[in-house]
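Have the viewer open as you read.

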Amino acid sequence: MTWRLVYASEVGTSHAHSGTPCEDSCLAQVDVLPNHQPLLSIFVADGAGSADRGGDGAELAIEAAASFVAKKVAQGEFGLSDSLAADLVSAVRKHIFSRAEAENLAARDFACTFLGVLSTEGGTLVLQVGDGGVVLDVGQGLEVAVVPMTGEYANMTHFVTDEDAVTVLETKQYPDRALKVAAFSDGVQRLALNMATSTPHEPFFAPFFGGMAQATAEQEELLHGLLVKFLGSSPVNERTDDDKTLALAVWTL
Amino acid sequence: MSEQISFGTDSFADNPEPRCPCVLLLDVSGSMNGRPLDELNAGLQTFREELASDALAMKRVEVGIVTFGPVKVEMPFTGASMFYPPSLQSQGDTPMGAAITQALNMVEDRKRDYRANGISYYRPWVFLITDGAPTDAWQTAAEAVREGEASKKFAFFAVGVKGADMSTLKQISSREPLTLDGLKFRELFSWLSSSLRSVSRSTPNTEVPLEPPKGWAAV
């Protein structure tokens, strides 16, 4: 028993238009802990369009998060707590700041949002700095973990490179394993959430979770291609011209 | 043989588009009579046409018009797709202070409406165009403009047409007021629509760099 994973980032039409690459990055993986239980990690980072190296910042954030998890797994036991979330965000910041310093740039040149989900049999931790979101089911149906973080204006948010990133960091803990998880960047947010009520738009998610649960072993290989195709499809591009990331996990028997 | 797999959705959350509100604060005092007002009216038509050429701007930009004097809400906030510019007639004096206060109140009311309806929005723009000097007390309005700019409640732009009291405009607007080159209202509105188009498609934390006011501002 483990999680089945599919994830992809696709360039937005406005970026494709101006020749800029996709500035979203993401990762989903399952590690096996020393007690033989699986650990799910999902991370999404969205590079700021206003930052010269936002896309690199997003990649660095994912890189740092992956190595943070690898260290924790090697170390063995750890709790999915707020302080772990703060340590993770600090590790991401450290990695970005040291790259910025090495290149004689400011950290804000690498500005990006960062959100993540960690889940084991003993619980689930969601952490988020900036916009984008996490929808999950820990046994009570789909819910939005953290209300999407925006400032007063539609074009404002928080970045992991901001001075106050650890303070604005929002976390949510659940005592149970996550059975379904979707993490996404803000390019997908307005398509997948009812923004006025901060609730998931269930019909958006149902075909993904359903398809993943039902896919045979041979079909599982097709899922990534189908997700990429979906993220680049015209119904999606008619609704957003931003980069799009969707990372999905389903607990399967 | 397993069933064909479908993976993707055709059902999307029906969220309202974020809005990008802009108030035009237009001087229609007696001195604007004749060609200046004709050119201003023609400029408004250009504004409409250029917004209409952009599908996203049509959905997101909202225009309101306040004229002075007397102070009158010529058009409450209207979506670009429903925006048909009125033909402005020249009238009385130049109560610029009261007009600014009216425009700023409209902006705050609009934001309240957006919030009440779960609509996200961009920073509102207030765009003042005048050829004169205020004939009323403008100091309170100027203070409100400066306070609002500092706290990013809105962005306030002032454009002086020939004859405008630029030194008073400087005291009202935190941004350097610009002088219209001749009667190039069409070029001015073309620039404004293109700037609003950039704002209305900007993504988080892109501080939209404004295009230089080329083709209409006198140096």
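The points below start with chain A as a whole and then turn to one helix in chain B.

1. First, a caution: what you're looking at is a predicted model.

2. Chain A has eight helices and 12 strands. Its radius of gyration is 17 Å, close to the 18 Å that the globule rule gives for 253 residues, so chain A is as compact as a globular protein of that length. If you'd like a box to picture, the C-alpha atoms of chain A fill one of roughly 50 × 45 × 35 Å along the principal axes.

3. On burial, 53% of the 253 residues in chain A count as buried. As for contacts in chain A, take those between residues at least 6 apart in sequence: 72% of them join residues at least 24 apart.

4. Now hop over to chain B and find helix α4, residues 139-150. This helix has 12 residues and runs 17 Å from its first C-alpha to its last, close to the 16 Å expected at 1.5 Å a residue.

5. Which residues of α4(B) are buried? They are Ala141(B), Ala142(B) and Val145(B). These cover an arc of only 100 degrees around the axis, so they sit on the same side of α4(B). Their packing partners in chain B are α3 (96-116), β5 (155-160) and α5 (166-172).

6. Turn to the other side of α4(B) and you'll find Gln139(B), Thr140(B), Glu143(B), Glu147(B) and Ala150(B), which are exposed.

Terms used: Residues are numbered from 1 along each chain as its sequence is written. Chains are lettered from A and ligands numbered from 1 in the order in which they are written. This is a predicted model: local features need pLDDT of at least 70, side-chain atom pairs count only at pLDDT 80 or more; totals for chains, interfaces and linings use all residues. Helices (H or I, at least four residues) and strands (E, at least two) are DSSP runs, numbered from the N terminus. The radius of gyration is taken over C-alpha atoms; the globule rule is 2.2 Å times the number of residues to the power 0.38. A residue is buried if 20 or more other C-beta atoms lie within 10 Å of its own, exposed if 12 or fewer, and partly exposed in between; C-beta atoms are placed from the backbone. Two residues are in contact if their C-beta atoms, placed from the backbone, lie within 7 Å. The expected span of a helix is 1.5 Å times one less than its number of residues. The arc is that of the directions from the helix axis to the C-beta atoms.
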